[in-house]
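Morning, everyone. Please have a look at the model on the screen, and then I'll walk you through it.

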Amino acid sequence: MKSVYNEILSSSLRFFLKDASVISITGGGGKTSLMVKLANIFSSYGERVLVTTTTKVQSNLVFEGATCLWNYQNGKCINPGEAVIKENLVKYDKTIIEADGSRGLPLKFHTQRDPVVIDETDSTLCVVGLSALGKPIKDVLFGYEELIKETTPLPPICSLSFIEKLIDNPSCIQKDKKGRYSFIVFNQADVVSAEEIEKINAMMFKKELNYMLISIKENKLYAGVKF
């Protein structure tokens, strides 16, 4: 087990993902911001970085040295095709793929068609937005209507115990997770209390899952463990 606490996020991400070459990002609550940050970190160390998507992503992104691979449609960057992505993997040290969509919401319940994680992925980053805590679930969960068909009744307010159920539900946070360097990434740790942070740490130690507790906004890793 390797643990890092209270460190600068940029160096911590590089530490945890140093052996990963194809990184797919799923979930909600900071996927695109995490993709940009990772691309800029690895590029700054001289690595050849490719960024792409198997779904779609916003078009106004700024990368410092990374190569972008996608098509354009209606103001969005869209999937260039899985075959095209795979053809380009060998040309780069790191490929970072936005492999999911959540319409800006912090949590995601997946349908049969998503996320789209290619088999070559050796690190899946399953992002959870902690800004969901304390808010109505119907307002923070993409796919809410589908989840209530499967699981009723649902509590009205998002709590840590509800997020834990999403982690354990095979159609939610960990769906299609691939790769030995995969992590659950709790983003927006800057908006939760110290007590909640300790509860998340205890929960993840018990589950023995790789995780990072981060704030992209603050460029800070609050806690991270790789088993």
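Two notes before that. This is a predicted model: local features need pLDDT of at least 70, side-chain atom pairs count only at pLDDT 80 or more, and totals for chains, interfaces and linings use all residues. Residues are numbered from 1 along each chain as its sequence is written, and side-chain values use heavy atoms, with hydrogens and water left out.

Now the sheet. Strands here are DSSP runs of E, at least two residues, and helices are runs of H or I, at least four, numbered from the N terminus. Two strands pair if DSSP finds at least two bridges between them. Which order do the 3 strands of the open sheet take? The order is β4-β7-β6, with antiparallel pairing. β4 (56-58) and β6 (71-73) stand at the edges. Each has a single partner strand, so one side of each is left without a neighbour in the sheet. β6 is joined to β7 (residues 76-78) by 3 bridges. One partner pair is N71 with I78 in β7.

On to the cores. A nonpolar core is a set of buried Ala, Val, Leu, Ile, Met, Phe, Trp, Tyr and Cys residues joined through side-chain atoms within 4.5 Å. Buried means under 20% relative accessible area, with a 1.4 Å probe and protein chains only. The largest core has 34 residues. L107, I163, F186 and L213 touch the most other members. α6 gives the largest share, 5 residues. Apart from this core lies another, of 33 residues, among them V36 and I216.

Notes: Buried < 20%, exposed > 50% of the residue type's maximum accessible area, 1.4 Å probe, protein only.
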